[in-house]
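Welcome, and please open the structure in your viewer. We will walk through it stop by stop, selecting as we go.

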Amino acid sequence: MGPAGPLPYGRGSASCRRVFVALLLVFGEPLASQKQPACQGPAELEQVIRSHPSAGPYNALGAYFGQRNQIACAISAFETAIRLDARSAESHFNLALALIQKGDRNRAQTELRLAIKLQPGSLNARLSLGQLLQDAGDSSGAQEQFRSALTVDPRSTAALANLAQSLMAQRRYTAAIPYLKQAAAVEPGEPSHPLALAVAYAQSGNPVEAVEVLRRIVASHPKYVPAHFNLATVYVQDRRFREAADEFAQAAKLDPANDMAPISAARAHVAIGDHAAALPFAEDYARRRPRDFEGMYVLGLVYRGLRRDEEAVAKLSEAARIDPEHYGVRYNLGASLARLGKNQEARPHLEKAKQLDPTSAEVSFQLAQVLKSLQEQGRANAELDQFRNQRQSGLQEDIASSEARRANQFLGEGHPRQAAELYREALRLDPNNAKTYYNLALALNRLGDRAGERQALEKTVQLDPS
């Protein structure tokens with residue numbers, strides 16, 4: 001079972017888009033299909049403009065129109081303010097925000113650059129330009145603006161979080177970590193910053209640190225669904241499926257509208273063989289999305305695990321019609337048919353599964369049994385031989401992986417000495433695993449063994465320069 005899906009941190013975080021959130025408060029939601037009323041402002045403001053036309057009153061008029069979704073009127077007012085005072089950074093900034101609402105982002109960039117040139121210390125202008133550049137795919141330009149914003153205000157969580165997000169979009173997770181730590185320190189009560197930090201740790205191959213951070217969020221914000229969901233996802237990546245199932249279940253309980261939580265809980269229960277516990281989650285998801293491939297497939301796995309093979313065949317057959325190239329569907333459908341004694345029907349599904357994954361020991365064994373029942377003893381023996389070879393070659397890697405997972409748990413529970421011993425045992429079995437060397441370095445760091453830590457880190461870099 002693979003990861004339950006990408007960790008859901010990004011554009012929806014609390015600080016990342018605060019400038020644009022403020023923009024919506026000023027200008028409201030864009031209403032492209034709504035007919036714009038005449039550009040008539042409050043009587044008192046119109047009187048001021050008639051008697052003393054200047055940039056200030058026109059900026060106020062533009063903001064008035066923006067609050068009423070009269071974006072064209074707002075743009076006109078801000079353009080008039082600029083004609084009256086071309087050096088007004090405020091007017092250029094306000095016009096840029098209105099242009100963003102209109103969807104004219106190229107011109108908005110030009111206005112923001114003018115605002116920054118006129119007022120280099122404008123934090124919001126730099127943040128807005130950085131976000132526009134990031135949305136346009138110019139990560140380098142965006143990062144330059146976010147770093148410039150930090151020279152204006154080193155404690156700006158919007159700048160810190162946006163810079164980290166931009167780096168993460170480039171898969172530079174390790175580079176993002178220091179900025180997320182700073183954001184969390186500035187706003188300790190805001191859970192989105194440590195959530196992003198946990199994502200960065202997990203994506204950089206450090207599930208131990210990710211789990212620690214997420215556990216702290218869950219403890220301080222027990223009803224914060226993203227923390228439960230992400231903690232479960234990291235547990236899945238570390239193959240700690242029992243703990244993952246509990247966290248996915250908690251996410252589903254806290255947010256009944258979240259479709260991903262029940263199906264993820266079902267998959268985690270299936271991974272540990274607890275099909276009875278998986279059943280209500282799988283059925284819940286299938287009711288919500290009756291035509292969804294994932295729902296059919298997982299419910300088919302659950303039925304097979306409960307030995308309800310007729311129902312398993314029905315669901316897996318539906319899934320196979322949607323995706324006939326899916327190894328898991330083909331293997332499990334073939335295995336269910338074989339258990340029903342329908343070996344002739346099982347054979348093509350198992351042969352297709354074999355074609356999709358020639359290294360699978362389970363399909364070699366299952367296909368051997370079917371071929372034997374069909375009196376094809378020679379080919380059955382060949383499949384059994386292949387099964388034995390595959391099992392032998394995979395055994396050491398499985399043991400090493402198991403030892404590394406146990407070590408992760410020890411390290412996460414504050415027992416670095418036991419963790420270090422298990423990491424070393426895992427490396428004896430799988431000596432080219434860079435991730436295990438890195439985790440060994442973490443354990444040695446906590447033990448104060450600086451020489452050993454350095455040696456483990458050097459080996460990590462040697463095995464995986466990226």
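Start by selecting H17 and H19, two helices whose crossing is left-handed. This is a predicted model. H17 covers residues 293–305 and H19 covers residues 327–339. Their axes lie 11 Å apart, and the helices pack at an angle of about 35 degrees.

Now show the side chains where the two helices meet. On the H17 side, pick Phe-293, Tyr-297, Leu-301 and Arg-304. Facing them in H19 are Gly-328, Val-329, Tyr-331, Asn-332, Ala-335, Ser-336 and Arg-339. Sorted by class, this contact holds six nonpolar, three polar and two charged residues.

Next, move to helix H20, residues 343–356, and select Lys-352. Is Lys-352 buried or exposed? With a relative accessibility of 15%, Lys-352 counts as buried, because the cut-off for buried is under 20%. Look at its side chain: there is a polar contact of 3.2 Å with the side chain of Glu-325. Setting aside residues up to four places away in sequence, Lys-352 touches Pro-324, Glu-325 and Arg-330.

For the next stop, go to the largest nonpolar core, which has 78 residues. Leu-61, Leu-112, Met-168, Tyr-179, Leu-180, Leu-214 and Phe-248 touch the most other members. Zoom in on Met-168: beyond its neighbours within four places in sequence, Met-168 contacts Tyr-173, Ala-176, Leu-180, Ala-196, Val-199 and Ala-200.

Finally, select Tyr-285, Phe-293, Leu-316 and Ala-320, which are among the 36 residues of another core, apart from the largest one.

Definitions and conventions
Residues numbered from 1 in each chain as written. Predicted model: local features only at pLDDT ≥ 70, side-chain atom pairs only at ≥ 80, totals over all residues. Heavy atoms only, no water. Axes fitted to C-alpha atoms, helices over the stretch in contact; angles between N-to-C directions. Helix = DSSP H or I, 4+ residues; strand = E, 2+ residues; numbered from the N terminus. Left-handed = near helix turned anticlockwise from the far one by under 90°. Contact = heavy atoms within 4.5 Å. Nonpolar A, V, L, I, M, F, W, Y, C, P; charged D, E, K, R; others polar. Buried < 20%, exposed > 50% of the residue type's maximum accessible area, 1.4 Å probe, protein only. Polar contact = N/O pair within 3.5 Å; in protein donor to acceptor, adjacent residues only side chain to side chain. Core = buried A, V, L, I, M, F, W, Y, C linked by side-chain atoms within 4.5 Å.
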